[in-house]
Amino acid sequence: MNWLAIGVTVKLASLTSLALVAIGLPIAYWVTFSTWRWKFLVESIVALPLVLPPTVLGFYILVAIGPHSPLGRVYTDLAGHPLPFTFEGLLLASILYSLPFAVQPFAAAFEQVDRRLIEASWTLGRSKVQTFVRLIVPLSTAGLITGVVLSFAHTLGEFGVVLMVGGNIAGETRTVSIDIYDEVQALNYAGAAKTALFLLVISYLVLLAVYAMNRKVWSAWPRK
Amino acid sequence: MAAEVVIDITKTYPGRPPIHAAIRYALDQATSLVLFGPSGSGKTTVLRSMAGLEWPERGTIRFISRTWLNTEARVRVPPQQRRIGYMPQDYALFPHYSVAGNIGYGLGELSPVERTTRVEEMVELFQLQGLETARPRELSGGQQQRVALARAVAPRPQLLLLDEPLSALDAPTRVQVRGELRRLLTQLALPSIIVTHDWTEALTFGDVIAVMGKGNVLQVGSPKDVFSRPKNADVALIVGVETVVEGSVIEQGEGLATVRVNGTTLKGLGADPVGASVLVCIRAEDVVLEQAGSGMTSARNHLVGSVTGMMPQGVMVQVMIDCGFPLAALVTRGAMEDLSLRVGSQVTAAMKAGAVHLIGR
C-alpha cells in the first residue's frame with residue numbers, strides 16, 4: 001500500500017472539510033434564511049459539482065487558476081510559483097468540488113431549526129450572529145457532522161478533478177485514487193486491490209457513521 | 001406629552017384580506033392592552049409587528065417617545081433593539097438549555113455575577129426553585145409557561161408581549177395560572193400587550209381591550225365599555241357577553257360567591273375572597289325572563305326590574321332590563337309577546353349561578 005498517497009489524501013480531505021466548515025456555514029445560513037427572490041441562482045451554482053463531470057469542473061478550475069488568468073497571476077506574484085499542480089491548487093479544487101456535500105446537509109439542518117426559537121432569541125436581544133452561534137449551530141449538530149463527514153469522504157475518492165488540477169506528483173498531489181489508477185496501468189493488480197479495499201472500507205465506515213447518526217441509534221443525541 | 005402607544009399598520013398576506021390595525025392608547029406604569037378576537041382576525045400579526053418579527057408594508061408603530069416603525073421615513077427598529085419581552089404561544093423554550101440557561105439567555109449585557117443574581121431572582125419570583133438544571137422537555141405545561149415568562153421578563157423589558165399565554169395549558173391549570181399571571185403582571189408593574197380569543201382572559205388581563213375581527217380593529221375601549229356597549233353587531237357577536245358590571249364579593253362558599261352589584265345581590269361562580277372586587281359577566285342568552293312575581297325555578301338568581309329597551313336581533317330580541325344594574329336578556333319574539341313586554345313593564349330575570357361568571361381583577 002502506498003502510505004505516501006494515503007497521507008496526501010487524508011491531509012487533503014481533512015483540510016477540505018475544515019475549510020468547508022468555514023466557508024459552508026455562512027453559505028448554508030444565507031441559502032436557508034435569505035428571502036432574496038433570485039436565491040435559486042446561487043443554490044444551483046453551489047449544487048453544480050453534483051452533476052458536472054469532474055473533468056469539466058477540473059478543466060475550468062485549471063483555466064481559472066492558470067498563470068494566464070488574473071487570479072493565477074496574482075497568486076504567482078504572491079507565492080512565487082503558479083497554483084496548478086501544487087497541493088494548494090488541489091485543495092482549492094477539492095473545496096469547490098465538495099461544496100454541495102457540505103452546504104446541503106448544513107442547510108437542511110438549519111431548515112429544521114424552529115423559526116420560533118430563532119425569533120425568541122432575537123427578541124431577547126441576541127444579534128443574528130449570536131443567535132447563529134448559540135442556537136442554530138448547537139441545534140444542527142447532526143447535520144453539521146453529516147456535512148463534514150460527507151465532504152471528507154467525497155474528497156477521499158475524487159479522481160477527475162485531481163488529475164486535471166493536481167496532476168500526479170508523489171507526496172504532493174498523488175492521492176489514493178490516482179495511485180490505484182497508476183497501479184492498474186502498471187498491471188500491478190495486487191497493489192491496486194489493497195489500496196482500493198482500503199478506500200472502500202474507509203468510505204463504508206464513514207457512511208455507516210452518518211446513517212447511524214441520522215437514525216439516532218446512538219443515544220449521544222437526545223431524542224426530541 | 002403623555003406616554004402613549006400608537007399602532008397604525010397594514011399587512012397583507014397573499015390570498016387573504018389585508019390586516020389593518022389602528023390602535024392608540026395612553027400608557028401608565030402597567031397598562032395592559034388585550035387584543036381580543038377569533039382566530040384569523042389578525043391579532044397575532046399585530047403582536048408580532050410590535051415585536052419586530054413581522055414587517056407591515058405600510059404604517060407606524062410608536063412606543064412612548066420611540067418610533068419602532070415608520071415605513072414612510074424608512075424607520076425599522078429590529079427586535080433586538082426594542083427591549084421587549086416576547087412570549088410566543090408555544091413558549092419556544094430553547095431545548096438545549098437548562099431552565100437557568102433559558103432564563104439567562106437574554107442577559108448577555110450583564111456581567112456573569114449580575115446574570116447569576118438576576119436568574120436567581122427570576123427563579124424565586126416564578127417559583128422554579130429546584131428546576132434550575134432541568135431541560136424544558138422535563139417540565140409540566142405550567143412550569144414551561146413560567147420559564148418562558150421568566151425568560152421574557154429577566155432582561156427588564158419595557159413592554160411585555162404575550163401571545164395566547166394560557167392556550168397551551170389544560171383547562172384546570174389554565175384557570176389557576178390565569179389568576180397567578182394577573183398577580184404577576186400587577187407585581188411586575190410592566191406594560192403588556194396580550195393576545196387572546198378567550199373572553200374570560202380578556203376581562204382578567206385587559207385595562208384596554210381592542211376587539212379584532214376579519215383583519216380590522218372594530219372597537220377599542222375599557223373592558224366594560226367593549227363588552228356592555230359593543231359598537232356594532234360584529235363586536236357584539238365576537239365578545240358574546242352582553243352584561244359586564246362591577247361588583248364586590250360579600251360571601252364566599254367553596255367557589256359559589258355572593259356578590260353585591262349596586263344594591264342587588266347575585267350568586268355566581270368565582271373563588272375570589274370576601275371583599276374582592278370582581279367583574280360580573282352574564283351572557284344575554286343565559287337570562288330567562290318570567291312574569292314578575294311568578295313561581296320559583298331552580299335558578300339561584302331572580303332579579304326584578306323594569307324593561308328599558310328592546311332591540312330586535314334576527315329572530316331574537318335583546319331586552320335591556322334595569323335591575324339595579326343594566327342587564328341584557330335574549331328572548332324570542334314569541335316569548336316577548338307571551339310576556340307582553342314593553343318599555344317600562346316589570347319583569348323577573350332568572351339565571352343559574354353557573355351563568356354568572358365572576359372575574360377577579
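Visitor: Where in chain B is R74(B) found?

Guide: In this model, which is predicted, R74(B) sits in the loop between β5 and β6 (75-76) of chain B.

Visitor: What makes the phi of R74(B) worth a remark?

Guide: Most residues other than glycine have a negative phi. R74(B) is a residue other than glycine, and yet its phi is positive, near 55°.

Visitor: What is the phi of I64(B), and in which loop is I64(B) found?

Guide: The phi of I64(B) is also positive, near 50°, in a residue other than glycine. I64(B) belongs to the loop between β4 (58-63) and β5 (66-70) of chain B.

Visitor: Why is I64(B) called partly exposed?

Guide: The name partly exposed covers what lies between two cut-offs, 12 or fewer neighbours for exposed and 20 or more for buried. I64(B) has 14 other C-beta atoms within 10 Å, and so it is partly exposed.

Visitor: How do you know that L52(A) is partly exposed, and where is its place in chain A?

Guide: The count for L52(A) is 15 C-beta neighbours inside 10 Å, which is why L52(A) is placed in the partly exposed class. Its place is in the loop between α2 (39-51) and α3 (54-65) of chain A. L52(A) and Y97(A) are 45 residues apart in sequence, while their C-alpha atoms are 9.4 Å apart in space.

Visitor: What makes helix α1 (residues 43-51) of chain B mostly covered?

Guide: Eight of the nine residues of this helix are buried, among them V46(B), L47(B) and M50(B). Buried here means that 20 or more other C-beta atoms lie within 10 Å of the residue's own. Just after α1(B) comes G52(B), which takes a positive phi of about 85°.

Visitor: How do you know that β13 (residues 256-261) and β14 (residues 264-269) of chain B pair?

Guide: Two strands pair if at least two bridges are found between them. Six bridges join β13(B) to β14(B), and the two strands run antiparallel. One of the residues involved is R260(B), whose bridge partner in β14(B) is T265(B). The two strands form a hairpin with two residues between them, and in the turn N262(B) has a positive phi of about 45°.

Visitor: How many helices and strands does chain A have?

Guide: Chain A has 11 helices and zero strands. Its C-alpha trace spans about 65 × 45 × 30 Å along the principal axes, and buried residues make up 38% of its 224 residues.

Visitor: Which part of chain A has a pLDDT below 50?

Guide: Chain A averages a pLDDT of 88, and 96% of the residues score at least 70. Over residues 217-224 of chain A, however, the pLDDT is below 50, and this stretch has six contacts in the model beyond near neighbours in sequence. Where pLDDT is low, the predicted coordinates should not be read in detail.

Visitor: Which domains does the assignment give for chain B?

Guide: The assignment gives domain 1 (4-239) and domain 2 (243-360), and their C-alpha centres lie 34 Å apart. Their contact takes eight residues from domain 1 and seven residues from domain 2 of chain B. On the side of domain 1, α7(B) gives the most, with four residues.

Conventions:
Residues numbered from 1 in each chain as written. Chains lettered and ligands numbered in written order. Predicted model: local features only at pLDDT ≥ 70, side-chain atom pairs only at ≥ 80, totals over all residues. pLDDT = per-residue confidence, 0-100. Contact = placed C-beta atoms within 7 Å. Domains from an automatic or database assignment.
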